[in-house]
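Please look over the sequence and the 3D structure below. A short report on the fold follows.

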Amino acid sequence: MDKPVNQAYTPVLSLYEAKKENLIPILLAFQRKFSYLSRDMMQSVSVYVGVPESSVYNIATFYSQFRLEPPGIHKVHVCRGTACHVMGAEDCLGILKNGWASKPARPPLIMKSAWIL
């Protein structure tokens, strides 16, 4: 049995008809409003549009513009092009990684940072 639609998402969902064709526009609206798509959001969209949750997840993971985790407030960008590599970008990245003691793809949420590589 499907969970009911989370009432916190009603303002976004009410902008669209509950049709399968509106799935991507609805996901884009959630992305704009909340900056990412949580599992709860995808479940609510699934129930609203009447498609399996796996279909919503497949679309959300297929298109690169959708994020499934909240983005960091601070963006950490390390150039990894040839010129930057020659100038020591990998050393810089190593120092940053060791300072955070985290993989670049997933900084701790408490740091409120996102890696852009």
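## A residue at the end of a helix

F34 is partly exposed, with a relative accessible area of 26%. F34 belongs to helix α2. Leaving out residues up to four places away in sequence, F34 touches Y9, V12 and M41. Contact here means heavy atoms within 4.5 Å.

The model is predicted, so local features need pLDDT of at least 70 and side-chain atom pairs count only at pLDDT 80 or more, while totals for chains, interfaces and linings use all residues. Residues are numbered from 1 along each chain as its sequence is written, and side-chain values use heavy atoms, with hydrogens and water left out.

## The chain as a whole

The chain holds six helices and two strands. Their order from the N terminus is α-α-α-α-β-α-α-β. Helices (H or I, at least four residues) and strands (E, at least two) are DSSP runs, numbered from the N terminus.

The chain has 117 residues, and buried residues make up 30% of them.

## The largest nonpolar core

Which residues touch the most other members of the largest nonpolar core? They are L23, L27, F30, L37, V45 and V56, out of 17 residues in this core. At least two core residues come from each of α1 (10-13), α2, α3 and α4 (53-62). Helix α2 gives the most, with five residues. A nonpolar core is a set of buried Ala, Val, Leu, Ile, Met, Phe, Trp, Tyr and Cys residues joined through side-chain atoms within 4.5 Å.

Take F30 as one example. F30 sits in helix α2. Its relative accessibility is 0%, so F30 counts as buried. Not counting residues up to four places away in sequence, F30 touches Y9, V12, L13, S35, Y36, L37, M41 and V45. F30 and M42 are 12 residues apart in sequence, and their C-alpha atoms are 9.3 Å apart in space.

V56 is another example. With residues up to four places away in sequence left out, V56 touches L23, L27, M42, V45, S46 and V51.

## Helix α3 and its partners

Which residues of α3 are buried? They are M41, M42, Q43, S44, V45, S46 and V49. The buried residues of α3 pack against α1, α2 and α4. After α3 comes G50, with a positive phi near 85°.

Two packed helices are described by the angle between their axes and the distance between the axes. For α3 and α4, the angle is about 125° and the axes are 8 Å apart. R39, M42, Q43, V45 and S46 of α3 make the contact with E53, V56, Y57 and A60 of α4. Axes are lines fitted to C-alpha atoms, for helices over the stretch in contact, and angles run from 0 to 180 degrees between N-to-C directions. The two helices, α3 and α4, are therefore oblique to each other. Angles under 35 degrees count as roughly parallel, over 145 as roughly antiparallel, 65 to 115 as roughly perpendicular, and the rest as oblique.

## The loop between α2 and α3

S38 is found in the loop between α2 (23-34) and α3 (39-49). Is S38 buried or exposed? S38 is buried, with a relative accessible area of 12%. A polar atom of the S38 side chain lies 3.1 Å from the backbone nitrogen of M41. This is a polar contact: a pair of N or O atoms within 3.5 Å, where within protein one must be able to donate a hydrogen and the other to accept it, and residues adjacent in sequence count only if both atoms are side-chain atoms.

S35 lies in the loop between α2 and α3 as well. S35 is not a glycine, yet its phi is positive, at about 75°. With 29% relative accessibility, S35 counts as partly exposed.

P71 is placed in the loop between α4 and β1 (74-77). At 30% relative accessibility, P71 counts as partly exposed. Leaving aside neighbours within four places in sequence, P71 is in contact with S35 and Y36. P71 and F34 are 37 residues apart in sequence and 9.9 Å apart in space, C-alpha to C-alpha.

Notes. Buried < 20%, exposed > 50% of the residue type's maximum accessible area, 1.4 Å probe, protein only.
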